[in-house]
Amino acid sequence: VGSAGCGKTAIIMGKLRSLNEDFAAEVVNINYYTNANMYQKILEAPLEKKAGKNYGPPGNKKLIYFVDDLNMAMLDPYNTASNISLMRQHIDYGHIYDLGKLTQKVLL
């Protein structure tokens with residue numbers, strides 16, 4: 001938490017670069033035009049299918065997402081940011097939905 005230009009992103013990026021090989025980091029930059037569909041595709045990109053409906057990072061690595069500028073996305077007609085709603089769905093329910101098959105995907 002801090003004002004614009006104080007180095008928040010630089011500090012986090014430095015920490016992510018210093019992690020050992022047991023961790024993988026994915027940086028997600030949100031802008032005004034990022035919607036839930038784009039955000040979900042970005043989140044799923046580094047994942048591989050594990051078993052059943054479970055998806056996770058390759059091998060036995062632990063994946064850390066750094067979501068930069070989360071509140072920058074445009075609000076929809078219901079005054080919600082759809083990318084924040086997608087993140088809340090995953091945190092609250094432990095899964096998201098496959099947009100093509102309409103089945104659950106558990107992100108490990």
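In this predicted model, a network of salt bridges links E44, D98 and K105. D98 and K105 are both buried. K105 also takes part in a contact of another kind: its charged end sits over the ring of Y55, at 4.8 Å from the ring centre.

In total, the structure holds 4 salt bridges. One of them joins K50 to E48, with 3.4 Å between the closest N and O atoms. K50 has a relative accessible area of 35% and is therefore classed as partly exposed. E48, at 34% relative accessibility, is likewise partly exposed. A further salt bridge is formed by R88 and D92, whose closest N and O atoms are 3.4 Å apart. Both residues belong to helix α3 and are separated by 4 residues, about one turn of the helix. An α-helix has 3.6 residues a turn, so residues three or four places apart point the same way. R88 is exposed, its relative accessible area being 54%, a value over the 50% limit for that class. D92, with a relative accessible area of 45%, is partly exposed.

The chain contains 3 helices and 6 strands. Read from the N terminus, the order of these elements is α-β-α-β-β-β-α-β-β. After α3 comes G94, which has a positive phi near 80°.

Overall, the C-alpha atoms of the chain fill a box of roughly 45 × 45 × 20 Å along the principal axes. Of the 108 residues in the chain, 23% are buried. The accessible surface of the chain amounts to about 7500 Å², and carbon and sulfur atoms account for 57% of this area. Among contacts between residues at least 6 apart in sequence, 53% join residues at least 24 apart.

Positive phi values also occur at residues other than glycine. Most residues other than glycine have a negative phi. D69 is not a glycine, yet its phi is positive, at about 60°. This residue lies in the loop between β4 (62-68) and α3. D69 is partly exposed, with 43% relative accessible area. N79, also not a glycine, has a positive phi of about 60°. N79 is likewise placed in the loop between β4 and α3. In contrast to the partly exposed D69, N79 counts as exposed, at 61% relative accessibility.

The loop between α2 (36-44) and β2 (48-49) includes P46. The relative accessible area of P46 is 22%, so this proline is partly exposed, the limit for a buried residue being under 20%. Leaving aside neighbours within four places in sequence, P46 is in contact with E26, G56, P57, P58, L63 and Y65. P46 and A25 are 21 residues apart in sequence, and their C-alpha atoms are 9.4 Å apart in space.

A search of the whole structure for aromatic pairs finds 1. This pair is formed by Y32 and Y33, whose ring centres are 5.2 Å apart and whose planes stand at 90°, so the arrangement is edge-to-face. Planes over 60 degrees apart are assigned to that class. Y32 is partly exposed, at 42% relative accessibility, whereas Y33 has a relative accessible area of 61% and is exposed.

Conventions: Residues numbered from 1 in each chain as written. Predicted model: local features only at pLDDT ≥ 70, side-chain atom pairs only at ≥ 80, totals over all residues. Heavy atoms only, no water. Phe/Tyr/Trp six-rings, centres within 6.5 Å; stacked < 30°, edge-to-face > 60°. Buried < 20%, exposed > 50% of the residue type's maximum accessible area, 1.4 Å probe, protein only. Lys NZ or Arg CZ within 6 Å of the ring centre and 35° of its normal. Helix = DSSP H or I, 4+ residues; strand = E, 2+ residues; numbered from the N terminus. Contact = heavy atoms within 4.5 Å. Areas by Shrake-Rupley, 256 points an atom, 1.4 Å probe, with all protein chains shown as cover. Salt bridge = Lys/Arg side-chain N within 4 Å of Asp/Glu carboxyl O.
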